[in-house]
Amino acid sequence: MSSPARPFDRRVPAIWAALLTVSVFAHAHVEMANETARGIPMAYGTALAIQVSSHLVVAAMLPAIYWLHRRWPIGEHPRNLLFHVAALVPFSIAHTLGMAALRFLWFGGIVGIPYSFPLTLERLLYEFAKDIIAYALLSAGTVALRHYLTRPVPPPAVQGAATPEPAPESSPRPLPERFAVRRKGREIMVEVADIDWIEASGNYAVLHVGDETFEIRSSLTKLEGELDPKRFVRVHKSHLVNIARVAEVTPWVNGDWRIRLQGGAEVNLSRRYRQRFEALAPVRA
């Protein structure tokens with residue numbers, strides 16, 4: 001995708017760091033208990049090192065899992081699930097080889113303790129079975145976090161305040177012609193007509209104006225209701241486009257289409273939003 005990268009949400013790595021840390025200690029206790037039950041005493045430090053190596057590799061692969069879910073969202077089409085099933089094999093191989101290398105480095109190279117990790121077919125299949133569950137849990141966490149962090153935040157209710165009467169239909173609210181955005185302590189005015197497209201990012205919306213991006217605190221749904229519906233149209237659950245900036249629409253995958261804007265950025269036209277788009281700009285195959 002040739003569009004500018006979306007703003008980095010610092011909450012995402014913080015949440016994953018907390019989850020993986022809890023998982024490391026929990027799995028270390030289970031590892032030590034299992035080995036003890038088999039009659040093989042294991043120090044807690046050894047169990048902890050084994051689990052840290054595994055979780056470090058998982059953490060390193062999280063960006064790839066996020067990319068897969070952005071490229072082939074499971075909720076948009078059932079066939080997208082096949083891409084994630086196919087990703088299980090390289091995920092498991094990378095996880096197994098990565099944690100084996102880290103364990104040899106730690107135990108053999110740093111601590112000086114012999115460590116055995118035979119990469120046999122039986123061991124690879126054993127790790128693959130565990131990685132199926134691991135990938136499913138990571139995928140569920142990825143989707144859940146995305147929905148949680150991008151959910152609209154309702155305004156706080158004021159106790160005792162009366163519910164405002166809806167505006168009369170004969171007096172519609174004027175549509176905004178510009179937005180004031182803060183950048184480096186200054187207020188910058190952005191003309192609505194100059195916006196190419198808008199992207200959801202947590203509790204913020206990112207205005208793409210040429211080669212520049214501006215953040216405003218608003219949900220995409222709220223902006224969609226405020227902007228001129230004859231000018232801006234929802235084409236994806238995370239994207240609004242300025243119909244006047246659309247340069248080309250081409251078929252893509254799974255019934256979706258690809259929109260190329262005049263500035264060169266590309267966004268998805270999801271099947272569920274195609275009817276809205278075609279109401280303003282009919283697409284002919």
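Reply: Helices here are DSSP runs (H or I, at least four residues; strands are E, at least two), numbered from the N terminus. This is a predicted model, so to speak of local features takes pLDDT of at least 70 and side-chain atom pairs need 80 or more, while totals for chains, interfaces and linings use all residues. Residue numbers start from 1 along each chain as its sequence is written, and side-chain values use heavy atoms, with no hydrogens or water.

A pocket is an open set of points on a 1 Å grid over the protein atoms alone, where a 1.4 Å probe fits, with protein on both sides within 12 Å along at least five of seven lines; lining residues have an atom within 4 Å of a point.

There are 35 lining residues, and His27, Glu31, Gln51, Ser54 and Lys130 sit closest to the centre. α1 (11-37), α2 (44-71), α3 (80-111) and α4 (121-149) each give two or more residues, with α4 supplying the largest share, 10. By class, the lining has 17 nonpolar, 10 polar and eight charged residues (Ala, Val, Leu, Ile, Met, Phe, Trp, Tyr, Cys and Pro are nonpolar; Asp, Glu, Lys and Arg charged; the others, Gly among them, polar).

The axes of α1 and α4 come within 12 Å and cross at roughly 140 degrees (lines fitted to C-alpha atoms over the stretch in contact, angles from 0 to 180 degrees between N-to-C directions). In contact (heavy atoms within 4.5 Å) are Arg11, Val12, Ile15 and Trp16 of α1 with Leu138, Gly141, Thr142, Leu145 and Leu149 of α4. That contact has six nonpolar, two polar and one charged residues.
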